[in-house]
Amino acid sequence: MDTSAPSSSTFAAAAALLLLLLPALSAADDWQPAHATFYGDETGAETMQGACGYGNLFEQGYGLETAALSVALFNEGWSCGGCYEIRCQGSTACAPGGAPVTVTATNLCPANYSKPNENWCNPPLRHFDLSKPMFLRLVTDFHVGIIPVAYRRVPCVKRGGVRFEMKGNQWWFAVLVFNVAGAGEVKAVAARGSNDGQWVDLSRNWGQIWTSGNSRQVGQGLSFRVVAGDGRSVELDNVVPQGWAFGQSFEGRVQF
């Protein structure tokens with residue numbers, strides 16, 4: 001019987017295995033309690049537009065897999081674009097199997113301080129208003145109304161590159177940043193014009209609409225630098241050609 005101490009290579013292998021297992025262990029424990037309901041009908045028409053600045057969610061790639069966040073989760077709009085996995089738990093109305101849904105934050109569920117109780121979207125409560133089709137995947141009967149859920153943040157999976165919709169007017173430049181994979185959220189944006197070649201930091205106006213506060217970028221070809229909520233950044237060169245018009249959308253060749 002060999003009673004010698006384990007070799008350093010054995011310790012190294014064990015440490016490597018532990019490092020591999022840590023993300024899985026952490027993922028199993030990072031579910032948080034919340035509540036959820038739905039708004040609108042099966043078409044999702046009432047989920048369009050909203051406090052994140054998005055427009056037609058079908059055209060922009062989000063579809064019906066969306067949610068309005070309570071005030072605490074919305075974080076004044078900084079959570080726009082983030083993705084969440086949500087599962088029904090602790091209710092007799094939970095659908096058999098308990099399969100979760102994954103949604104993108106596209107709207108705000110506003111607080112209502114006039115009600116004496118059941119203010120689901122008031123801080124500090126964590127709550128999701130889902131599109132009705134997403135809610136129907138979680139429950140056996142939508143008439144149940146509010147259900148307890150567990151949720152966790154997950155990476156966003158999007159098709160194509162980061163996209164930009166030109167906003168504002170001839171006196172005021174703004175851009176909507178959307179279809180962001182990975183963290184989904186955006187915490188900083190800079191623009192570089194083809195005429196001056198200078199990077200200009202934009203400020204977040206509301207939701208995911210960013211502005212320079214002036215018209216300097218109007219009419220120029222544009223490149224963008226986008227910093228996601230997790231700190232990763234990408235540069236998208238020559239995304240917008242000269243002569244663009246307000247309301248047009250452009251897709252970069254780079255994604256997170």
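**Entry 1**

I began with T37, which sits in strand 1 (residues 32-39). I am working from a predicted model. Is T37 buried or exposed? The relative accessible area of T37 is 12%, so T37 is buried; the cut-off for buried is under 20%.

Next I listed what T37 touches, leaving out residues up to four places away in sequence. The list is H127, F128, D129, L130, F135, G145 and I146. I then looked at G145 on that list. The side chain of T37 reaches the backbone oxygen of G145 at 2.9 Å.

Where is G145 found? G145 is in the loop between helix 3 (132-138) and strand 6 (147-154). With residues up to four places away set aside, G145 touches A36, T37 and F135. I also checked the C-alpha atoms of G145 and A36. They are separated by 8.3 Å, although the two residues are 109 apart along the chain.

**Entry 2: the cores**

The largest nonpolar core has 33 residues. I86, F128 and L130 have the most contacts inside this core.

What does F128 contact beyond its neighbours within four places in sequence? I found A34, H35, A36, T37, A67, A68, L69, L73, Y84, I86 and Y151. Another core lies apart from the largest one. This other core has 24 residues, among them F164, W210, A228 and V234. As background, nonpolar side chains in soluble globular proteins tend to be buried together.

**Entry 3: strand 12**

I turned to strand 12 (residues 222-228). Six of its seven residues are buried, so strand 12 is largely enclosed by the rest of the structure.

Which strands pair with strand 12? Strand 9 (residues 186-193) runs antiparallel to strand 12, and seven bridges join them.

Strands 12 and 13 form a hairpin, with four residues between them. G231 in the turn has a positive phi of about 95°.

**Entry 4: disulfides**

How many disulfides are there? I count four. With bonded cysteines counted along the chain, the pattern is 1-2, 3-8, 4-5, 6-7.

C52 is joined to C80, S to S 2.0 Å. The torsion about this S-S bond is about -85°, so the disulfide of C52 and C80 is left-handed. C52 is in the loop between strand 1 and strand 2 (66-69), and C80 is in the loop between helix 2 (71-74) and strand 3 (83-88), so the pair ties together parts 28 residues apart in sequence. Both C52 and C80 are buried.

C83 is joined to C156, S to S 2.1 Å. The torsion is about 115°, so the C83 and C156 disulfide is right-handed. This pair links distant parts of the chain, 73 residues apart: C83 is in strand 3, and C156 is in the loop between strand 6 and strand 7 (163-169). I noted C83 and C156 as buried too.

C109 is joined to C121, S to S 1.8 Å. The torsion is about 85°, so the C109 and C121 disulfide is right-handed. C109 and C121 both lie in the loop between strand 4 (101-108) and strand 5 (127-131), so the pair ties together parts twelve residues apart in sequence. C109 is buried, as is C121.

Note on methods
Residues numbered from 1 in each chain as written. Predicted model: local features only at pLDDT ≥ 70, side-chain atom pairs only at ≥ 80, totals over all residues. Heavy atoms only, no water. Core = buried A, V, L, I, M, F, W, Y, C linked by side-chain atoms within 4.5 Å. Buried < 20%, exposed > 50% of the residue type's maximum accessible area, 1.4 Å probe, protein only. Contact = heavy atoms within 4.5 Å. Helix = DSSP H or I, 4+ residues; strand = E, 2+ residues; numbered from the N terminus. Polar contact = N/O pair within 3.5 Å; in protein donor to acceptor, adjacent residues only side chain to side chain. Pairing = 2+ DSSP bridges. Disulfide = S-S within 2.5 Å.
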